[in-house]
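Welcome, and please take a moment to turn the model around before reading on.

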Amino acid sequence: MKSKATPQYRSAGMSKDAIQVSLADHLIYSSSKYHNNATTRDWYQTTAYTVRDRLVERWMETMQRYYEHDPKRVYYLSLEFMMGRTLRNATLNLEIDEPCRQALYDLGQEYEAVAGIEEDAALGNGGLGRLAACFLDSMATLNLPCYGYGIRYEYGMFRQSIENGIQLEHPDNWLRYGNPWEFPRPELLYPVKFHGRVVEYKHEDGLFRHHWVETDDVMAMAYDTPVPGYGGKTVNNMRLWAAKSSRDFELTYFNQGNYIQAVADKNESENLSKVLYPNDSTEMGRGLRLKQQYFFVSASLQDMLFRFKKNHESWAQLPDKLAVQLNDTHPSIAVAEMMRLLVDIHNLTWDDAWGLTTRIFSYTNHTLMPEALETWPVPMFESLLPRHLQIIYEINFRFLQQVMHQFPGDGELLRRISIIDESGTRRLRMSHLAIIGSHTVNGVAALHTELMKRTIFADFERISPGKFVNMTNGVTPRRWLNQANPGLAKLITERIGKGWLTDLDQLKQLREHAGDAEFQRQFRAVKQANKERLASIVKERLGIEIDPASLFDIQIKRIHEYKRQLLNVLHVITLYNRIRAGSHPDIVPRTVLIAGKAAPGYAMAKLIIRLINDVADIVNNDQQVGGKLKLVFLPNYDVSNAERIVPAADLSEQISTAGTEASGTGNMKLALNGALTIGTLDGANVEMRDEVGAENFFLFGLTTEEVEERRRRGYDPQTCYNGNPELKQALDMIAAGFFCPDDAARYQDIVDALVWRGDRFLLLADYAAYVECQDQVGALYRDQTEWSRRAILNVAGMGKFSSDRTIREYAERIWHVDPIDPDRKAENP
């Protein structure tokens with residue numbers, strides 16, 4: 001019999017002509033359209049397939065390279081990946097953006113119109129998911145052998161609309177037209193079990209083992225998406241799991257004519273991956289969220305171990321080949337699942353399995369708020385995952401025994417660090433499981449890490465000194481400067497070359513140009529063009545005219561009380577009152593733009609959105625205000641909208657209460673694009689201020705220590721309310737229904753929370769300092785030369801905040817993973 005020939009493929013060219021040929025081919029063979037009847041969406045699909053061809057070639061070469069080198073690989077487990085649009089990111093990273101543009105133009109198509117058709121892959125809630133996306137970009141750019149694992153939600157983060165000032169949530173059916181970037185892998189199916197019971201038996205090795213039986217099974221099917229690094233030599237994989245029924249339908253019901261019941265089980269199984277973050281205000285919603293977490297963790301770990309066992313015989317090699325990063329507490333059940341797989345399925349002893357597990361996992365914490373650290377009621381957990389509860393009990397027992405010997409007689413310590421919270425209804429503390437099962441725990445900003453060690457996890461730091469380390473977050477300059485702000489990217493490259501795309505520290509070279517009058521003029525021209533573009537978007541979507549010459553004051557982030565959008569609104573009302581009173585005739589014209597989504601079950605956040613819109617309605621239509629002040633709430637904040645807003649910002653609002661924000665990454669994106677920051681010493685603001693220079697940062701507000709001291713002494717917000725006439729006037733207007741005459745009591749709950757119910761996030765305590773600092777902002781903005789100089793220095797100081805730096809630190813200090821040089825052949829392929 002003749003040997004089979006290796007199939008040969010034709011390499012896809014990167015020139016304009018080669019791309020044009022591919023476009024013509026795909027229009028016919030992939031979209032089944034002629035040039036004269038193709039829609040813009042057809043052209044998008046055609047272009048996506050054309051670019052995908054070039055991605056796939058490099059993707060397969062990357063995967064083959066990993067196979068030959070057999071390196072230690074990083075597996076990044078995240079319940080969220082907020083990838084945004086892929087087309088422009090792919091063409092820029094492959095460095096074929098201009099050839100694509102020219103090829104489409106020659107075929108009568110506008111590249112921006114074609115790229116603008118793409119749906120955002122909004123598989124995330126905000127900063128956590130966007131951080132994960134930035135990290136995948138950096139992992140590939142740094143040639144690191146990394147995989148992202150998550151869920152292929154059929155419906156992503158809800159689409160937000162505003163009606164009568166109220167947030168309405170609509171399904172985000174991002175897959176309605178298909179997704180040309182993903183590759184279904186129906187051959188990659190793993191069973192994921194729920195419910196059932198546990199049977200103990202004596203194994204042939206003489207040890208007692210456990211069978212998890214009579215379970216409800218769901219199948220996890222893989223969908224792969226290529227993630228290119230800059231230059232396109234390394235293209236890594238993001239694998240998302242979709243839930244499939246373990247059988248299409250129950251044939252017994254079908255034969256009886258009960259067709260609805262026949263498919264009921266199938267539908268229930270596949271609901272697991274339907275929606276990002278089901279509303280957890282109900283028992284059913286909380287149960288579904290826990291099932292989602294276990295579903296993707298179990299499938300991912302089974303996949304990792306399958307890949308490992310194909311090429312390795314000894315389990316002792318596992319920590320040398322796997323590094324698993326838990327992105328927040330959502331995937332922390334992975335610790336118990338790895339133990340189940342190693343002990344129950346692969347028959348390792350408990351001690352051997354635990355020794356491997358604790359050398360594999362590392363955990364990133366993203367919050368300092370105790371209520372945000374995920375916990376699960378024991379009865380719910382026991383019903384869904386009975387075997388895992390047994391494993392967690394055993395992990396907890398052994399850990400407490402160890403600590404008891406380390407710190408004898410300290411029963412309170414054992415109570416505090418136990419995975420089981422015994423106060424009230426018994427609950428599992430998932431962050432404790434992640435800490436105990438990981439070799440390293442990291443915070444995401446220097447301040448956050450120190451507070452973590454000093455407050456919420458102080459006991460664990462005492463037990464395991466050195467386990468907690470800092471990895472300050474970063475953002476990818478490819479998406480957040482090169483793609484989002486091509487005008488500024490071009491200007492920077494003309495001055496210092498394009499090395500900054502992969503070495504953001506090179507932006508320091510801009511410091512010598514900060515005082516250059518011509519560079520300042522060009523810098524302002526780019527900013528003005530971006531502001532004009534945003535103004536046209538606001539006019540088109542909302543019918544509101546804003547002045548591109550005004551100061552664009554931007555706050556874009558999830559709506560939450562600790563992020564203090566209310567403080568921003570109080571300042572807007574204060575400016576409004578000053579303008580109406582004529583007490584400050586020289587007020588600098590200002591456009592305040594706020595964007596962000598409130599969680600569907602978070603009533604106070606949704607009320608804040610309504611207040612913003614009601615205040616905007618009064619302010620924007622008051623003829624006495626003229627063009628001096630506008631307030632805009634731009635709906636449906638997502639990655640693509642961020643790419644339009646960020647380059648236009650003059651002022652970046654980073655005003656959370658000190659000690660509440662873990663890091664923040666919006667602050668980095670805005671400063672990277674030439675916005676000055678007004679902020680507290682919270683999260684990564686502290687390090688940003690150090691890097692850009694204290695004189696180039698508008699600082700206000702209480703420090704973390706001062707916040708703690710104020711609370712210790714007994715903070716009384718009524719003193720602030722009664723002691724500041726402008727603050728009292730603003731709050732009284734809200735309470736009296738000035739901004740909602742049809743329902744005067746609409747915002748009483750907001751006023752009560754601030755004045756009478758303790759003002760948890762100290763808005764009133766920081767109000768006077770914030771308003772004074774905003775006055776300094778207005779004064780500086782009048783001097784455009786000095787403002788431009790400081791804005792350029794902000795850009796120049798952002799080198800540290802590249803996600804490339806963050807990932808390089810993870811690789812060196814936590815994962816101990818080396819890059820794979822795309823040009824180096826394996827020694828023993």
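Helices (H or I, at least four residues) and strands (E, at least two) are DSSP runs, numbered from the N terminus. The cover reaches both faces of β12, with L322, V324 and L326 buried on one side and A323, Q325 and N327 buried on the other.

Before going further, a word on what you are looking at: this is a predicted model, in which local features need pLDDT of at least 70 and side-chain atom pairs count only at pLDDT 80 or more, while totals for chains, interfaces and linings use all residues. Residues are numbered from 1 along each chain as its sequence is written, and side-chain values use heavy atoms, with hydrogens and water left out.

Which strands pair with β12? One is β1, which runs parallel to β12 and is joined to it by five bridges; two strands count as paired if DSSP finds at least two bridges between them. In this pairing, R73 stands opposite L322 of β12. Another is strand β13, residues 361-364, which pairs with β12 in the parallel sense over four bridges. There, L326 stands opposite Y363 of β13.

Follow the chain out of β12 and you reach D328, in the loop between β12 and α11 (334-345). Most residues other than glycine have a negative phi. D328 has a phi near 80 degrees, a positive value in a residue other than glycine. D328 counts as buried because its relative accessible area is 11%. R564 also has a positive phi, of about 60 degrees, although it is not a glycine. You can find R564 in the loop between β19 (551-556) and α22 (565-581), and its relative accessibility of 1% is why it counts as buried.

Now look for the rings. A pair of aromatic rings is described by the distance of the centres and the angle of the planes. Rings of Phe, Tyr and Trp (its six-membered ring) pair if their centres lie within 6.5 Å; planes under 30 degrees apart count as stacked, over 60 as edge-to-face and the rest as tilted. By this rule there are 21 aromatic pairs. One of them is the edge-to-face pair of Y76 and F135, with 5.9 Å from centre to centre and 75 degrees between the planes. This pair links distant parts of the chain, as Y76 is in strand β1 (residues 73-77) and F135 in helix α6 (residues 127-141), 59 residues apart. Both Y76 and F135 are buried. Elsewhere, Y75, Y147, Y149, Y190 and W241 form one aromatic cluster.

Some rings have a charge over them, meaning that NZ of Lys or CZ of Arg is within 6 Å of the ring centre and within 35 degrees of the ring normal. R41 lies over the face of Y177, at 3.6 Å from the ring centre, and K597 lies over the face of F158, at 5.3 Å from the ring centre.

Charges also meet each other. The structure holds 60 salt bridges, each a side-chain nitrogen of Lys or Arg within 4 Å of a carboxyl oxygen of Asp or Glu. In one of them, the closest N and O atoms of E643 and R479 are 2.8 Å apart. That pair also links distant parts of the chain: E643 is in helix α24 (residues 639-645) and R479 in helix α19 (residues 477-483), 164 residues apart. E643 counts as buried because its relative accessibility is 12%, and R479 is buried at 4%. In another salt bridge, R746 and D742 meet at 3.1 Å, N to O. Are these two partners buried or exposed? R746 counts as buried at 12% relative accessibility, whereas D742 counts as exposed at 63%. Salt bridges can also join up, as in the network that links R88, D97, E98, R101 and E112.

Finally, visit Y34, in the loop between α1 (16-29) and α2 (40-69). Y34 counts as exposed because its relative accessibility is 60%. Together with I28 and Y29, Y34 forms a nonpolar patch on the surface, with about 410 Å² of accessible area. Patches are made of residues with over 30% relative accessible area and no salt bridge, where like charges are joined within 9 Å and nonpolar side chains (Val, Leu, Ile, Met, Phe, Trp, Tyr) within 5 Å. Accessible areas come from the Shrake-Rupley method with a 1.4 Å probe, and for residues only the protein chains shown count as cover.

How values were computed
Buried < 20%, exposed > 50% of the residue type's maximum accessible area, 1.4 Å probe, protein only.
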